[in-house]
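Q: Hey, I've just opened this one and I'm new to it. Can you walk me through it?

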Amino acid sequence: MRIVVDLSRCEGYAQCAFLAPDAFRMHGEEALMYDPNPDDSRREQVLRAAAACPVQAILVDQLEGRDVPVEASTS
Amino acid sequence: MTSADTLRAFKRDGRIVVVGASLAGLRAAEALRDEGFTGSLTMIGDESGEPYDRPPLSKQVLTGWVPADGTTLPRRRDVNAEWLLGVPASGLDLATNQVRLADGREVPFDRVLISTGVRARPWFVESEAALDGVFVVRTREHAEGLQRALAAGPSRVLVIGAGFTGSEIASICRERDIPVTVAELAPAPLVGALGAMIGEIAADMQRAHGVDLRCGVKVTRLEGDAQGHFRRAHFDDGSTVDADVAVVALGGIRNTEWLRGSGLAAGVWGIACDTGCRALDLNGLITDDVFVAGDVARCPNPVYEYRLISLEHWANAVEQAEVAAHNMVSGQADRWPHLSIPLFWSIQFGVNIKSVGVPTFADEVVVTQGSVSDHRFVAAYGYRGRVTAAVSFNNAKWLDHYRQLIETAAPFPPPCPTPDQPVDMKPVPVDFPGPVLLAQGATVVVTGHDPGERRVTAVQQHR
């Protein structure tokens, strides 16, 4: 699945690194490194991370997610 | 027909061509459809493949974590466009409203968006640039090649240029335990963008991480072996460095050559436009049907005395694309000005460096909070007594506070907003290298949050 993080918005709260550690990693104290193409098996984790981001900096592809319910918003 | 009828007809059946199919082009295309444009949309790009994200190329990709072809940008929506990829545009004819492609095809338009961006500045000697082991980093092919060279375990990497990209690459070499030499003409890394004070901190950081940092030197020659592989670099002080990989990180060249003769105000400095992203022609007149967004745009910013500023920033590309798209399908009275305060980030040596505002638009700088020795601080930049920029090292949460100071033309130096007041809060000259021309002009206040509400009002200067 394709994602992008708006790092100009990211403030390093690290919620994503906690919820989807395979896709998001903290580098040092507050710098975020992420996988822009995480494995589809991580979709639910990644959606949860996107929903939990306090500054809503994570954009998930809206096209490939069309037929997948957005569980993240209810979790 | 009234102009409202004309606009409605254009939104329904018009033809929009976007030249430059990267971040700004893609975001503009999505915004055009969001705005209700149902006409034909053509995306022209010189690279083959879908639009991809570039910042990860000098970070996640070079560490070997993410493959170079794994940064394709997510889509916010379907853009229902015709994609003409793998062929660059070679000309723009504003008499007949056509974009000419390098393969001879001509693509007609009613309105065009130019978002052709920047390419890497190559090493200045062609035969030396062609040596095996000499790289630039701009496209995913570049990043893939360099990643492979790093994975092969070079004896040493030479990075030429200690701007943000060069510094990030040096950081990754150290992370991968590869010996690295960084050569920089200025007295310290990042000096051109952030000034001497931050430059010294960046230099300390590089040396503490084992970088062989050489400042105030110029690389004069790249030498290859009999097989045509880069082996040694010569410096202007007579010294040499033996290395297997050289990364040329000397900034970018704006892709405007194809506009020569088009009549637009386009040159090496970019394409001049108004805050509504409408291109200026050579006479300085606003065009009605030509729009610009992203790294190639040179846009006036009222906060910085209406100076024309071009920014190679991710967020700027996204925001300009949205403003340009809105204005392409809106009447004069409904147009938005692009009034964002610039934001930039870089990740290097485990530190999150971010800036807000325009640090080069300054005469003084001061550390306002935190501790420089801990690499956790904020420095504010001022020009003639008002705050114009701020840079944070591992303190990004505070940048929004400084953005508000910039937008309200707050007096410089600003007070420390937290209890972690630095020992020394005395402003020092920002000391940018070379002559910096700062024209006198108006000071303004920006209000409003959403792009549609952003407006400027003029205020008195503080001194």
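Q: Let's start in chain B: are Y304(B) and F361(B) buried or exposed?
A: Both Y304(B) and F361(B) are buried (under 20% relative accessible area; exposed is over 50% and partly exposed in between, with a 1.4 Å probe and protein chains only). Before we go on, this is a predicted model, where local features need pLDDT of at least 70, side-chain atom pairs count only at pLDDT 80 or more, and totals for chains, interfaces and linings use all residues. Residues are numbered from 1 along each chain as its sequence is written, chains are lettered from A and ligands numbered from 1 in the order in which they are written, and side-chain values use heavy atoms, without hydrogens and water.

Q: OK, and how are the rings of Y304(B) and F361(B) arranged?
A: Their centres are 5.2 Å apart and their planes sit at 70°, so the pair is edge-to-face. Rings of Phe, Tyr and Trp (its six-membered ring) pair if their centres lie within 6.5 Å; planes under 30 degrees apart are stacked, over 60 edge-to-face, and the rest tilted.

Q: Where do Y304(B) and F361(B) lie?
A: Y304(B) is in the loop between β22 (297–301) and β23 (307–309) of chain B, and F361(B) is in the loop between β25 (351–357) and β26 (364–371) of chain B, so the pair ties together parts 57 residues apart in sequence. Strands here are DSSP runs (E, at least two residues), helices are H or I runs of at least four, and both are numbered from the N terminus.

Q: Which cluster do they belong to?
A: Y304(B), F361(B) and Y383(B) form one aromatic cluster. The rings of F361(B) and Y383(B) have centres 4.8 Å apart and planes at 70°, so that pair is edge-to-face. Y383(B) is in strand β27 (residues 376–383) of chain B, so its pairing with F361(B) ties together parts 22 residues apart in sequence. Y383(B) is buried too, like F361(B).

Q: Switching topic: how many residues of chain A and chain B are in contact?
A: 31 residues of chain A contact 31 of chain B, with contact meaning heavy atoms within 4.5 Å.

Q: How many salt bridges are there between chain A and chain B?
A: Two, a salt bridge being a Lys or Arg side-chain nitrogen within 4 Å of an Asp or Glu carboxyl oxygen. R2(A) and E50(B) meet in a salt bridge through their side chains, at 2.8 Å from N to O.

Q: Which element gives the most to chain A's side of the contact with chain B?
A: That's β3(A), with four residues.
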